[in-house]
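Keep your viewer open as you read.

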2 protein chains.
Amino acid sequence: MQSRSPETPDQASDLFAYAVLLRALNRELNKATLDFAHRQGLHSTDVHALAVIMDPAASADGPVTPTRLREELGLTSGAITACLDRLQRSGHVSRVRDTADRRVVHLAYNPDARALAREYFSPLARATESARSRFTPEQLSTIAAFLRALNAELAAGHEPQP
Amino acid sequence: MQSRSPETPDQASDLFAYAVLLRALNRELNKATLDFAHRQGLHSTDVHALAVIMDPAASADGPVTPTRLREELGLTSGAITACLDRLQRSGHVSRVRDTADRRVVHLAYNPDARALAREYFSPLARATESARSRFTPEQLSTIAAFLRALNAELAAGHEPQP
DNA sequence: CTAGTATCACTCAATCATTGAGATAGTTTA
DNA sequence: TAAACTATCTCAATGATTGAGTGATACTAG
């Protein structure tokens, strides 16, 4: 530990400071999401749901279904139904019955939701671009590797939760 | 767009993939928070509030007040009061009047909330430790620098929001 | 020093998202 | 075919959140 004065930034190389940084990041992203929700007149739940439906990483393993959304958002089925009702009424997503298993509903976002998505994603993209510009391609690849590793670790940590 | 095959990892060095990684991280952290909230019988709002009150990064500029919490969580004053009532009733935080400005309330978390905090923070710490172990100190310092830069950019992005 | 204004936290009735137990329709197993 | 299972939806009850307004404290100008 070579931290000498309070403002030496290299203290951030220890575990505790890392966790603090990550939670701060989490807070900033949540705040951005809330801001967006308020501007759009949507509930934060609905925006979180939209993010899951729209984000390629979330829909990596197949189309998103209400059950998938329930797991992702930690809500009960009743709440998911209400949330989807709101999103459908406001024209952001539609429910499409699976052809193979007709119990299953696939969630598709409508064309006009794309503009919404762009507006939602762009502040993060802008901030990310700004931060990225200060690092070399090699460094950026290291950082991406870390983020991937961390995501994998966190995802693994949830699994054994009955 | 130079992505060749789905599993090539070096696609993650472009901006789009970065944003996807960051949102995935955000989702994982939120999910961890929700799990914790459910286990503790707390509302997600209350856990978010606790996180703000407990986290050193959040309380960097002075003690946390209800107004600060309102800005951070994007709720109205009525909701904040109710949330603090719950947290106080369950013994996690106490309200302390500021001595200088007696309109202001400072939020302090009680000793028994420390154990709660440890349990809340430890899964993230464990995952972070695991991910960190695969990188050199120099790389870790680069990654921390990026996280700090990104947080600063995101924080700056919120300011001009009236 | 005093009136006027701003700020901080709180109150309370109304609103509306969420819960949780069940109903419904579809699928798989025996 | 009947039984067991699964995915989604329904709906009354619950309770968190809203939003306007209150009381208390602080600042500021005259």
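Of the 22 residues around DNA strand D, which come nearest? They are A:T67, B:H43, B:T45, B:T76 and B:R103, where a residue counts as near a strand if one of its heavy atoms lies within 4 Å of it.

## Ground rules

This is a predicted model, in which local features need pLDDT of at least 70 and side-chain atom pairs count only at pLDDT 80 or more, while totals for chains, interfaces and linings use all residues. Residues are numbered from 1 along each chain as its sequence is written, chains are lettered from A and ligands numbered from 1 in the order in which they are written, and side-chain values use heavy atoms, with hydrogens and water left out.

## Chain A in outline

Chain A has 6 helices and 2 strands, arranged from the N terminus as α-α-α-α-β-β-α-α. Helices here are DSSP runs of H or I with at least four residues, strands are runs of E with at least two, and both are numbered from the N terminus.

Of the 162 residues in chain A, 44% are buried; that word means under 20% relative accessible area, with exposed over 50% and partly exposed in between (1.4 Å probe, protein chains only). Among contacts in chain A with a separation of 6 or more, 42% join residues 24 or more positions apart, a contact being heavy atoms within 4.5 Å.

## The surface near DNA strand D

Sugar and phosphate make up 73% of the atoms of DNA strand D that come within 4 Å of the protein. Two polar contacts (pairs of N or O atoms within 3.5 Å; within protein, one must be able to donate a hydrogen and the other to accept it, and residues adjacent in sequence count only if both atoms are side-chain atoms) involve phosphate oxygens: one is 2.8 Å from a side-chain N or O atom of B:H43, and one is 3.2 Å from a polar backbone atom of A:V105. On the base side, an N or O atom in the side chain of B:R103 is 3.4 Å from a base oxygen of DNA strand D.

Helix 3 (66-73) and helix 4 (77-89) of chain A, together with helix 4 (77-89) of chain B, each supply at least two residues of this surface. Helix 4 of chain B has the largest share, 4 residues. By class, the surface has 6 nonpolar, 10 polar and 6 charged residues; Ala, Val, Leu, Ile, Met, Phe, Trp, Tyr, Cys and Pro count as nonpolar, Asp, Glu, Lys and Arg as charged, and the others, Gly among them, as polar.

## The surface near DNA strand C

DNA strand C is surrounded by 23 residues, the closest being A:H43, A:T45, A:T76, B:T67 and B:S77. Phosphate oxygens of DNA strand C lie 2.8 Å from a polar side-chain atom of A:T76 and 2.9 Å from one of B:R95. B:S77 reaches a base instead, with a side-chain N or O atom 2.8 Å from a base nitrogen.

Which element gives the most to the surface near DNA strand C? That is helix 4 of chain A, with 5 residues.

About 980 Å³ of space lies in the second largest pocket. On a 1 Å grid over the protein atoms alone, a pocket is an open set of points with protein on both sides within 12 Å along at least five of seven lines, a cavity is a set where a 1.4 Å probe fits but cannot get out, and lining residues have an atom within 4 Å of a point. Points are joined across faces, edges and corners, and a volume is the space filled by probe spheres set on them.

This pocket has 42 lining residues, with A:N30, A:S44, A:H48, B:S44 and B:H48 nearest its centre. Helix 1 of chain A gives the most, 9 residues, and the lining divides into 14 nonpolar, 19 polar and 9 charged. A:N30 lies in helix 1 of chain A and is buried, with a relative accessible area of 12%. Leaving out residues up to four places away in sequence, A:N30 touches A:H48, B:N26, B:N30 and B:H48.

## The enclosed cavity

How many cavities of 30 Å³ or more does a search of the whole structure find? The search finds 1, and about 110 Å³ of space lies in the largest cavity. Its lining includes A:L29, A:Y120, A:F121, B:R23 and B:N26. Helix 5 of chain A gives the largest share, 4 residues. By class, the lining has 7 nonpolar, 2 polar and 1 charged residues.
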